[in-house]
Amino acid sequence: MDHGRIATMDGARSVVDAVAVRDGRIVAVGSDRAIRPRIGPRTRVIDLRGRTVTPGFGDAHVHAVASGVDRLRCDLTGSRGLGTYLAVVASYAEAHPEEPWIRGSGWSMADFPGGIPDRADLDRVAPDRPVYLESRDGHTAWVNSKALGSAGISAVTLDPHDGRIERDADGHPSGTLQEGARSLVTRQFPRETPEFLAAALRLAQGELHALGITNWQDANVRPGAEEAAYVALAGRGGLTARVVGALGWDDARGAEQIDELVERRARTTLPRYAPTSVKFFIDGVLENFSAALLEPYLDAAGRPTTGRGQSLIDPRALKGHVARLDALGFQAHAHAIGDRAVREALDAVDAARRVNGPSDTRPHIAHLEVIHPDDLGRFRALGVVANAQAYWAALEDQLEHLTLPFLGPERAVRIYPFGSLLRAGATLAMGSDWSVSTPDPLLQMEVAVNRVNDEHRGEKPAFLPGERIDLADALAAFTVGSAWVNHLEREVGSIEVGKTADLVVLDRDLFDRGTGAIGEARVVATFIDGVAVFERPDLGG
Ligand SMILES: [Zn+2]
């Protein structure tokens, strides 16, 4: 490839004109003149004509299998508003008369008063079959009366310890199930076949490759679900991406599950698939007050309540689990939204460091919606990677109406503090959390840089402009940062001689703002080991 702008993301963040690849590896990086003698009679030369080449993107937190499954089911992700949702459900029901359940996902809490939808609406379009639809963030389910009935949920059903059944004024379940209450319904679902799961993963992999993603960490690998998909696809050589699996920690059980995790790691490690991480849900989400905060939530009038959210794992037990897993060579991958959850995750790594000394497991904390200022410096001190979902760091309905009012002004200035984390020396990785939000890394980088999302370009002000970061830092988070957290930095993450040729060609000079918004850039081709896994016809060469 020549005549381009090649953002190598090496230590000096060098930008060069050309890169040469042979047998899947990068063999030379430099000026057009230096590379030209490498061209042989059978070399494919791609004239970049000013386009940008970057290292293949790494998504450090994605639910690839689950997102592929969403695509194969009643998929509401492209829709907005009650009327549209109901139309999609109705047409799905009509197209799939044989399915005993209508299952789907992708509705947005912002489309319902208080974020809580009603069973009666679903009953109108699908009265005869149970319907179960997960919200976009995967923490809430919207169900119809048939689904409540089949799960035996009625006015006398108690809330489970880890969730909530939303109710009408008269105490009847209204059709929204929060967090652990969803399992009252989902435990009836039959297991998916490995063929269905592998097809879902293949679909997701194709979508991710088309967005320039060549490696990722699957953020919740469950036996019989994600695990079966990776084993099936990698086992038959169909996994082109390099993937780290974060094995889901079952918070209903304790340390006794560690032996199982060790056994699963040994049994399911395959070419391109390394199940070497363990995912802990430390808390829930702010929108339903299940995220764990140091100080109480406010009520709608701005007065403090008594609620501080839930720690889904006892913090003392968490320390023990993380220390043991760290000693066994497992990485800890924490879901932490509230400032108390972030602190509990950092405390657990601190405890592991005290017991085990330094390790190379590279623990990381994802989401990081609110961080107490005292904890910013601990990421660097403890070697914890900050795993940012940058797309969320913009003003939109959910943040403005369901989150900020309940935090109050003091905490509202500490949301998604990516700039502060970088200034405090933290290593930043980025990931989409697809299908919670878009898997497109360029749209996410745009928000990291501008703190305005693509739906509100030129419309909304930057959200906490002091937390904006440079495009080069955002690109680093999606390349070297993600490679680091996935222990892949020897192979991928930068364009340097000896590394594998995982490369992305973008349709313009990404760093020239005269070419439009960052998220308007399009991937022209994606290469893994020098082989195109996605290529538009206009690539040339
Ligand atoms: Zn996630």
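**Close-up views of a predicted model**

View 1. A pair of aromatic rings is described by the distance of the centres and the angle of the planes. For Y230 and Y273 the ring centres lie 4.7 Å apart and the planes are at 5 degrees; planes under 30 degrees apart count as stacked, so this pair is stacked. Y230 belongs to helix 8 (residues 226-235) and Y273 to strand 15, so the pair ties together parts 43 residues apart in sequence. Y230 has 0% relative accessibility and therefore counts as buried. Y273 is also buried, with a relative accessible area of 1%.

**View 2. A cluster of aromatic rings.** Y85, W107, F112 and W142 are joined into a cluster by ring pairs.

**View 3. Charged groups over aromatic rings.** K279 lies over the face of F281, 4.1 Å from the ring centre. In a second example, the charged end of R362 sits over the ring of W484, at 3.4 Å from its centre.

View 4. Three residues coordinate the zinc ion at 2.1 Å: H61 and H63, each through NE2, and D433 through OD. The spacing of these donor residues in sequence is H-x1-H-x369-D. H61 and D433 link distant parts of the chain, 372 residues apart. H61 is in strand 6 (residues 57-62), whereas D433 is in the loop between strand 19 (428-430) and helix 16 (441-450). Both H61 and D433 are buried.

**View 5. Helix 10 and its surroundings.** Helix 10 spans residues 315-327, 13 residues in number. From its first C-alpha to its last, helix 10 reaches 19 Å, close to the 18 Å expected at 1.5 Å a residue. An α-helix has 3.6 residues a turn, so residues three or four places apart point the same way. The buried residues in helix 10 are L318, H321, V322, A323, L325 and D326. Among the elements that cover these buried residues are two helices, helix 9 (258-268) and helix 11 (339-356). Strand 15 (273-281) and strand 16 (331-336) are also included in this cover. After helix 10 comes G329, which has a positive phi, near 85 degrees.

Key. Residues are numbered from 1 along each chain as its sequence is written. This is a predicted model: local features need pLDDT of at least 70, side-chain atom pairs count only at pLDDT 80 or more; totals for chains, interfaces and linings use all residues. Side-chain values use heavy atoms; hydrogens and water are left out. Donors are N, O and S atoms within 2.8 Å of the metal (3.2 Å for Na, K and Ca); water is not among the atoms, so sites may look incomplete. Helices (H or I, at least four residues) and strands (E, at least two) are DSSP runs, numbered from the N terminus. Buried means under 20% relative accessible area, exposed over 50%, partly exposed in between (1.4 Å probe, protein chains only). The expected span of a helix is 1.5 Å times one less than its number of residues. Contact means heavy atoms within 4.5 Å. Rings of Phe, Tyr and Trp (its six-membered ring) pair if their centres lie within 6.5 Å; planes under 30 degrees apart count as stacked, over 60 as edge-to-face and the rest as tilted. A charge sits over a ring if NZ of Lys or CZ of Arg is within 6 Å of the ring centre and within 35 degrees of the ring normal.
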